[in-house]
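Please consider each question before reading its answer.

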Amino acid sequence: MAADDVVRLILADHRTMEDLLRRMRSVDEDRAGALREFSGLLVAHAEAEEAEVYPALKRYKNVDDEEVEHGSKEHDDGNAALLALLETDQDDPEAWDEALEKLSEAVTHHLDEEERSLLNDTRENVSDERRDALGRAFRDRRAKLLDADCGSVDNVRRLVEG
């Protein structure tokens, strides 16, 4: 897989999100720092997928449109769970753990489904050149969103409340 391959880039983000979720579970880690990093990555990743990747994938007859739509719905669910965690008092360990578990469930469910369906469809049906072009667009959009502090609680609230 080439460095710009959209599947490779998305998978790399997924592994980073899983690592950040692990860090947020550990009292030995900087949970607040991990949450800040996770929040920005989750929002930027989802927004870049929906702006740059999902619309392009809908044009391929062997890529399931319903999976694309379902992915967008799961992004909304992830944002709602993220907002709940961002609004949780970290000094209340029970509430923190409960909100983190809901976020973890929403995100890991989405990552698993996306990897088994949409990304496999993309590998099988989208040319290497097109996957590289999509990867560059995805990476650039994601970087702009991260630079704009897209993971701030105010922005996540705006996304959730529409």
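A cavity is a set of points, on a 1 Å grid over the protein atoms alone, where a 1.4 Å probe fits but cannot get out, and its lining residues have an atom within 4 Å of a point. This is a predicted model, in which local features need pLDDT of at least 70, side-chain atom pairs count only at pLDDT 80 or more, and totals for chains, interfaces and linings use all residues. Residues are numbered from 1 along each chain as its sequence is written, and side-chain values use heavy atoms, with hydrogens and water left out.

Q: What is the volume of the largest cavity?
A: A volume is the space filled by probe spheres set on the grid points, which are joined across faces, edges and corners. The structure holds 2 cavities of 30 Å³ or more. The space in the largest cavity is about 70 Å³.

Q: Which element gives the most residues to the lining of the largest cavity?
A: The lining consists of Leu 42, Ala 46, Glu 74, His 75, Gly 78, Asn 79, Ala 106, Val 107 and His 110. Two or more of these residues come from each of helix H2 (31-57), helix H3 (65-86) and helix H4 (93-116); helices (H or I, at least four residues) are DSSP runs, numbered from the N terminus. With 4 residues, the element that gives the most is H3.

Q: How many charged residues line the second largest cavity?
A: This cavity has a volume of about 40 Å³, and its lining includes Glu 67, Glu 74, Glu 113 and Glu 114. Asp, Glu, Lys and Arg count as charged, Ala, Val, Leu, Ile, Met, Phe, Trp, Tyr, Cys and Pro as nonpolar, and the others, Gly among them, as polar. By class, the lining has 1 nonpolar and 4 polar residues, and the number of charged residues is 4.

Key: On a 1 Å grid over the protein atoms alone, a cavity is a set of points where a 1.4 Å probe fits but cannot get out, and a pocket is an open set with protein on both sides within 12 Å along at least five of seven lines; lining residues have an atom within 4 Å of a point.
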